[in-house]
Amino acid sequence: MKKVLFCLVALFMLSGCGSVSQYSGAAGGDSAKAKMHACLLSDASSRFQAGTLFTQGITATAKDMVKGCMQKLALQSMGISQESQSMATNIIHQFQNYGTAK
C-alpha cells in the first residue's frame, strides 16, 4: 500500500498535480491509449484533491475511473463534448425541479 501511495504521489508531483486539467496532454490526434492515460491522470488528480481517491478499494476505484473515462472518450469520439452533456444534464434537472415544485 505504501508503494502504491508513493507512486501516485510521485506521479502527481511529476505531472503538476494542481494544474492537470481534463484530458491534459492528449491532443485530438493522440492515440486512444494516450487519451485514456490523460483522462485517468486527470480523474485521479481530481479525486486526490477532493480526498476521495482512497475511499474505496484500489480495484473498485480503478474500475470506476476506467468506466468514467471510457464514457467520456466515447462521447468525445461521437462529437458530444462533456460540456454539452453537462449542459443537457443541467437542463433536465431544471425541468425535474420545476415538476417537483408544483
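The protein chain has four helices and zero strands. Helices (H or I, at least four residues) and strands (E, at least two) are DSSP runs, numbered from the N terminus. This is a predicted model, in which local features need pLDDT of at least 70 and side-chain atom pairs count only at pLDDT 80 or more, while totals for chains, interfaces and linings use all residues. Residues are numbered from 1 along each chain as its sequence is written, and side-chain values use heavy atoms, with hydrogens and water left out.

**The chain as a whole**

- Read from the N terminus on, the elements run α-α-α-α.
- Of the 102 residues in the protein chain, 21% are buried. Buried means under 20% relative accessible area, exposed means over 50%, and partly exposed lies in between (1.4 Å probe, protein chains only).
- The chain exposes about 7,300 Å², and carbon and sulfur atoms supply 63% of that area. Accessible areas come from the Shrake-Rupley method with a 1.4 Å probe; for residues, only the protein chains shown count as cover.
- Take the contacts (heavy atoms within 4.5 Å) with a separation of 6 or more: residues 24 or more positions apart account for 56% of them.

**The disulfide**

- The structure holds one disulfide, meaning a pair of cysteine sulfur atoms within 2.5 Å.
- Cys-39 is joined to Cys-69, with an S to S distance of 2.2 Å.
- This pair links distant parts of the chain: Cys-39 sits in helix 2 (residues 32-50) and Cys-69 in helix 3 (residues 58-77), 30 residues apart.
- The link of Cys-39 and Cys-69 is left-handed, with -90 degrees about the S-S bond.
- Cys-39 counts as buried because its relative accessibility is 2%. Cys-69 is buried too, at 0%.

**Helix 2**

- Helix 2 has 19 residues and should span 27 Å at 1.5 Å a residue; its end C-alpha atoms are 27 Å apart, so the two values agree. The expected span is 1.5 Å times one less than the number of residues.
- Its buried residues include Met-36, Ala-38, Leu-41 and Ala-44. Lys-35, Asp-43 and Arg-47 are also among them.

**The aromatic pair**

- There is one aromatic pair in the structure.
- The rings of Phe-48 and Phe-54 have centres 6.3 Å apart and planes at 90 degrees, so the pair is edge-to-face. Rings of Phe, Tyr and Trp (its six-membered ring) pair if their centres lie within 6.5 Å; planes under 30 degrees apart count as stacked, over 60 as edge-to-face and the rest as tilted.
- Phe-48 counts as partly exposed, at 33% relative accessibility. Phe-54 is partly exposed at 36%.
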